[in-house]
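Dear colleague,

I am handing over the structure that we talked about, and I would be grateful if you opened it before reading on. My notes come after it.

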Amino acid sequence: MTANASARAIKPELLRTYTEDFNKDRANLIAADAAVSAGVLKAATDYRGVRALPRDFSIELKQGSITNQERSGRCWMFASLNTLRYELMHRWNLEDFEFSETYLFFWDAMEKSNTYLENVLRTLDEATDSRLFEAINESPADDGGWWQMFAALVNKYGLVPKSAYPESENSRNSDDFKQYLNSKLREFAAELRRRSVAGASEDELRALKDEYMGTVYRICAVALGEPPEKFDFFARPKDDDEDKKGEARKCKADADADGKAESCKCEGKSDAKACKCDKDKSDKPKTGKDERPQIREIGITPLEFYKKYVPVDVNDFVTLANAPLKNRPFNQRYRIRFSANVAEAGDMEFVNVPLDVFKKAALDQLTAGHPIWFACDCTQFALRKDGFFDQSVVRVDQLFGTEFTGDKAHGLEYGDSPSNHAMTFTGVNLDEDGKPNRWKVENSWGKDAGKDGYYVMSDAWFDRYVTELIIRKEYLDDATRALLTTEPVELDPWQPLTRRCR
């Protein structure tokens, strides 16, 4: 062994010192017993941190049943659709509703494949080992994405309810489908580059690409089934009479408990017995027939359904980022090259803002009664099964006997905590001073993850690990809104904040 090699090696005498130091500290032995038996996260769980994060919130939005992306990387799509279904449910007074995630998944696979091949044609002069081509070629049609990809798909293809295009085995568990789709796309890329070297014209190469896309469609249709061009839609709004009856019964019970009917208020009536919503409809015999009004559409298209039934425009949202990096100055608009899924829709953009601006926009939107799509690193100081995001709950510092001191800038610059998962804020708790201390998170991992599918996030964890918010333009301050008209700074696809959420 050379002197240089010896200097680089772990020395036996140091190993003896390490093991002696480890074994003479009783805390290390207890920690090892717990971690080896139960796993790191269970061994590191601090019950005091758990108790400090109760699951009640001063501002809370009533959402539909929890959704489940299962074994797929569609979190960004689920979070986006969860945001829109809230608006649809409350506009049309529906008890529950779910969009078809598979519908957009089909078209996302098609569009990403087309954009990948277009990017191959744009970079024919790049070597295959160049940093740019490696970034393009890394995952041609993978599952991940951002809100703007979702918006581009909705603008072009519309939306459908889940009943019109339900889940399939390959949408629930997408690895095999995407593995072979990506393999075929890379074969197509190699052939396009070979034909270019052989002298094929741009028109000839693009004609070949169009032929290749026929194969892509066949792969997607076999794996997922063809998406509907038109469909029928049927729904029943909630029974307001039943809600009123329930209110009247509670009102009357409260009045009876007080011993005075005058305490009951129902539709302007002071007498509980006179409440309109509690009167028996004796002139109309009761049957088993569902008398609720109906929403019924025959042969509606996905774009017609989106425009008619979704009361928000996906283009009225802006991506705010909080990335405290020296090379990403705040109060600046940015655009990430080669980040589109729909080729003609353009690349992803965001506005980088300070934390106070970032958080205020979130609070204003939630307070106004609208959920928020957000992206974060969901792996850091998180209990997936129990539903907590908080460094005071996951005390790996105590377990391992070492502090974890990296800040948000470090996590982004060194790739330790980039955004990798999208979810939805549906609530926040404000303390006596009106400051947030915890956030309610709707996830898309099914009802068995977290508490019935919901997580609680400490405000400190929000500050450290939440990097992107999708905010309606009306809840931006004037200075941030003005940035939307400025010329964006171009970023390369491998730079921080460009990893697709899965």
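Below I describe the chain as a whole and then turn to its aromatic rings.

Please keep in mind that this is a predicted model, in which local features need pLDDT of at least 70 and side-chain atom pairs count only at pLDDT 80 or more, while totals for chains, interfaces and linings use all residues. Residues are numbered from 1 along each chain as its sequence is written, and side-chain values use heavy atoms, with hydrogens and water left out.

The secondary structure of the protein chain comes to 19 helices and 14 strands; these are DSSP runs numbered from the N terminus, with helices (H or I) of at least four residues and strands (E) of at least two. Along the principal axes, the C-alpha atoms of the chain fill a box of roughly 95 × 70 × 45 Å. Of its 502 residues, 48% count as buried, where buried means under 20% relative accessible area, exposed means over 50%, and partly exposed lies in between (1.4 Å probe, protein chains only). If one takes contacts (heavy atoms within 4.5 Å) between residues at least 6 apart in sequence, 78% of them join residues at least 24 apart.

Now to the rings: the structure holds 28 aromatic pairs. Rings of Phe, Tyr and Trp (its six-membered ring) pair if their centres lie within 6.5 Å, and planes under 30 degrees apart count as stacked, over 60 as edge-to-face and the rest as tilted. In one of the pairs, the ring centres of Phe381 and Tyr465 are 6.3 Å apart and the planes stand at 40°, so this pair is tilted. Phe381 lies in the loop between strand 7 (372-376) and strand 8 (382-383), whereas Tyr465 belongs to helix 18 (residues 459-465), so the pair ties together parts that are 84 residues apart in sequence. Phe381 counts as buried at 9% relative accessibility, and Tyr465 is buried with a relative accessible area of 4%.

Trp445 and Tyr455 form an edge-to-face pair, with 6.1 Å from centre to centre and 80° between the planes. Trp445 and Tyr455 are both buried. Elsewhere, ring pairs link Trp92, Phe97, Phe99, Phe231, Phe233, Phe305 and Tyr309 into a cluster.

Finally, Lys440 lies over the face of Tyr454, at 4.4 Å from the ring centre; a charge sits over a ring if NZ of Lys or CZ of Arg is within 6 Å of the ring centre and within 35 degrees of the ring normal.
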